[in-house]
Amino acid sequence: RELDLLEEERCLNDSVVDFMLRLVVNVMAPAHLRDDLHVTSTFFYQKLTSGGAANGEEGWLNVKGWTRTIDGGMLAQRFIVVPVNEKN
């Protein structure tokens, strides 16, 4: 199904975007950068801004459990990539 989304004039879904970002990081990013880089899924931004979150603190309450496996937490990362897929 996802392969059909790669045809002309089709929108990419979240699974394709997430896969491509992981592939780029794993294949193209220099090894020394990978430890300093965290790429969230496309669902992270949706969840961050959901539930009428009026500010960053309220949004963080929506996603704080998503980052518990990152050593030192998300803010310990030097680079954070948050992809936004508006037309998913």
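These are my notebook entries on a predicted model of a single chain.

**Ground rules.** I number residues from 1 along each chain as its sequence is written, and since this is a predicted model I ask for pLDDT of at least 70 for local features and 80 or more for side-chain atom pairs, while totals for chains, interfaces and linings use all residues. Side-chain values use heavy atoms, with hydrogens and water left out.

**Overall layout.** I looked up the secondary structure and got 4 helices and 2 strands. For the record, helices (H or I, at least four residues) and strands (E, at least two) are DSSP runs, numbered from the N terminus. Along the sequence the pattern reads α-α-β-α-α-β. The chain has 88 residues, and 23% of them count as buried. My cut-offs: buried is under 20% relative accessible area, exposed is over 50%, and partly exposed is in between (1.4 Å probe, protein chains only).

Then contacts, meaning heavy atoms within 4.5 Å. Taking those between residues at least 6 apart in sequence, 52% join residues at least 24 apart.

**Helix H1.** I traced H1 over residues 14–28, which is 15 residues. From first C-alpha to last it reaches 21 Å, close to the 21 Å expected at 1.5 Å a residue; the expected span is 1.5 Å times one less than the number of residues. Its buried residues are Asp14, Val16, Val17, Asp18 and Val25. They pack against helix H2 (31–34), strand S1 (37–39) and H3.

I then turned to the nonpolar patch, about 590 Å², made by Phe19, Met20, Leu23, Val24, Val27 and Met28. Patch residues need over 30% relative accessible area and no salt bridge; like charges are joined within 9 Å, nonpolar side chains (Val, Leu, Ile, Met, Phe, Trp, Tyr) within 5 Å. A salt bridge here is a side-chain nitrogen of Lys or Arg within 4 Å of a carboxyl oxygen of Asp or Glu. I picked out Leu23, which sits in helix H1 and is partly exposed at 37%.

**The aromatic pair.** I found 1 aromatic pair in the structure. Rings of Phe, Tyr and Trp (its six-membered ring) pair if their centres lie within 6.5 Å; planes under 30 degrees apart are stacked, over 60 edge-to-face, the rest tilted. The partners are 22 residues apart: Phe44 in helix H3 (residues 42–48), Trp66 in the loop between helix H4 (56–63) and strand S2 (79–81). Phe44 is buried at 4%, whereas Trp66 is partly exposed at 42%.

Leaving out residues up to four places away in sequence, Trp66 touches Ser41, Phe43, Phe44 and Lys47. I also logged 9.1 Å between the C-alpha atoms of Trp66 and Thr40, 26 residues apart along the chain.

**Two glutamines.** Gln77 lies in the loop between H4 and S2 and is buried at 14%. Its contacts, not counting residues up to four places away, are Asp35, Asp36, Leu37, His38, Ile70 and Asp71. Gln46 belongs to helix H3 and counts as partly exposed at 30%. I put Gln46 and Pro83 at 9.8 Å, C-alpha to C-alpha, though they are 37 residues apart in sequence.

Conventions: Areas by Shrake-Rupley, 256 points an atom, 1.4 Å probe, with all protein chains shown as cover.
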